[in-house]
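Please examine the sequence and the three-dimensional structure shown below.

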Amino acid sequence: MSKLNPNDLKKYGIKDAKEVIYNPSYQKIAEDEKSKGECEFTDNNTAAVDTGIFTGRSPKDKYFVDQEPSNKNIAWGDINQPISKENFDKLFDLTKEQLSGKELYVVDAFAGASKSSRKAIRFITEIAWQAHFIENMFIMPTKEELENFEPDFVLYNACKTTNKDYKEMGLNSEVFVAFNIEDNMAIIGGTWYGGEIKKGIFSMMNYWLPLEGKLSMHCSANVGKDGDVCLFFGLSGTGKTTLSTDPNRALIGDDEHGWDDEGVFNFEGGCYAKVIDLSKESEPEIFAAIKPNALLENVVLKEGGVVDYSDSSKTENTRVSYPIEHIENHKEDLQAGHPQNIIFLSYDAFGILPPVSKLTKEQAMYYFLSGYTAKVAGTERGITEPVTTFSACFGEAFLPLHPTVYAELLGKKIDEHNVNVYLVNTGLNGQGKRMSIKDTRACINGILNGSINSAEFETLPVFNLQYPKSLDGITDNSILNPLSTWDSEEEFNKTAKELAQKFVENFSRYNDSGSEFDYSKAGPTL
């Protein structure tokens, strides 16, 4: 029985809705995905959808309405672009026109497992598989919670419409992902990509929570049998999902979390994992999670509905969303206490950073703000040497506030809860060989079981990082010192200074941040 009827949507400006399908069951969604031809189904009956020409987010088409008081909080720039209230209202008219007169799916869900910090979100879409995606990725209310559900925020997805007047409005393209903070709403048009829904709400959580003194984080999290919590930060390709999925530790979540006075909590009720080159051997937990109720995006199906995970002809960004219940060893309430350890994961293609380093609080804030990784030569067309990537707080694309707001909150949390912070390099050594999963796991295990704290440490030149001389489980302890993997100390020093210069240049944008803390002193020295 639908809680909402077409008349209920009039207050949202949607007229003459044919039917409202409210918080549908997975069975109902699957029936509609089949009957409407939205999805194919694999050999094990997992839904598979193509998201059209957009197989990733459209960051140049993301806007916030420039109005008071939120415009005083937003860090305006290439990531957070302003749009006038007048132009937003025109896009909202397009959105309402597209959704009016249609059969609509309305999903009410929570962002945030912590009852004191969560937000109630209402999603409106005309696409069955998007309702499926939303129910996978957000926290579904209980029957009792639905009885009195009042949304804090409404997201309208009108992916079938486009903005033909974008040039006159001074916008980037026909696509729009626009947020009106004062009116507690967001609108999406022109792109079918599911990640826009997920990251749109993440962006809003990154706006709301820090203003409440709570830290929002782009990280995965797990918890041990004794309640010890660990956070894993890292950009794409650093191993964040793989290393946080541990059969000996319960998964809290794989991507988005908050940290309030009670502890750490997942924003989401599901996972959104890359599946390019996925195999049962390499990532058994994720492979096993791809079953009915999961939703594959942009994969290639062979005869008989067999998925070819190695085929990147549609995109390298093939994905699967699934309820976190599909991971056998997960934390049922999606929350735990305050973390004992934080791990920053970086793929360093220059072969300079140690496999594992223990950071001071000041270094933790510096490397958090830097958000460093590096692409290795040959991974993308035209890349012939390592290319650095710096993404503030390991998620700059989703930060409406200035990055130092999040860094200073992290520093306060580290002090308050006496948290250990480590930098782990999952990239290359001086011979251009990647750190083995076995050795990286040994570094992670040393952190989690505390044995790393009894190790003798040495200091890496230029970067001033403290690394252990030996660690249980490492095949050859000499690799813990990056210099030992280089044939020439002169070449090591030259490359280290080149990489350090990139850090310094990136960090120059924080020199006038207004912060009382001089972050740069915790970084490398030239």
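Predicted model: local features only at pLDDT ≥ 70, side-chain atom pairs only at ≥ 80, totals over all residues.

Residues are numbered from 1 along each chain as its sequence is written, and side-chain values use heavy atoms, with hydrogens and water left out.

Helices (H or I, at least four residues) and strands (E, at least two) are DSSP runs, numbered from the N terminus. Helix α1 covers residues 26-35, and I29, D32 and E33 within it are buried. Here, buried means under 20% relative accessible area, exposed over 50%, and partly exposed in between, for a 1.4 Å probe and protein chains only. Viewed down the axis of α1, the buried residues fall within an arc of 100°, so they line one face of the helix; the arc is that of the directions from the helix axis to the C-beta atoms. An α-helix has 3.6 residues a turn, so residues three or four places apart point the same way. On the other side of α1, Q27 and S35 are exposed.

The buried residues of α1 pack against several elements, including β1 (19-22), β6 (103-111) and α3 (128-137). The helices α1 and α3 pack at an angle of about 150°, and their axes are 9 Å apart. Axes are lines fitted to C-alpha atoms, for helices over the stretch in contact, and angles run from 0 to 180 degrees between N-to-C directions. The two helices α1 and α3 are therefore roughly antiparallel to each other, a term for angles over 145 degrees. Y26, I29, D32 and E33 of α1 make the contact with A128, W129, A131, H132, E135 and N136 of α3, where contact means heavy atoms within 4.5 Å. After α1 comes G37, whose phi is positive, near 70°.

Most residues other than glycine have a negative phi, and most peptide bonds are trans. D16, in the segment before β1, has a positive phi near 55°; D16 is exposed, with a relative accessible area of 62%. F394 also has a positive phi, near 55°, and lies in the loop between β25 (387-390) and α10 (403-417). F394 is buried, with a relative accessible area of 1%. Finally, a cis peptide bond joins E68 and P69, with omega about 0°.

Note on methods:
Parallel < 35°, antiparallel > 145°, perpendicular 65-115°, else oblique.
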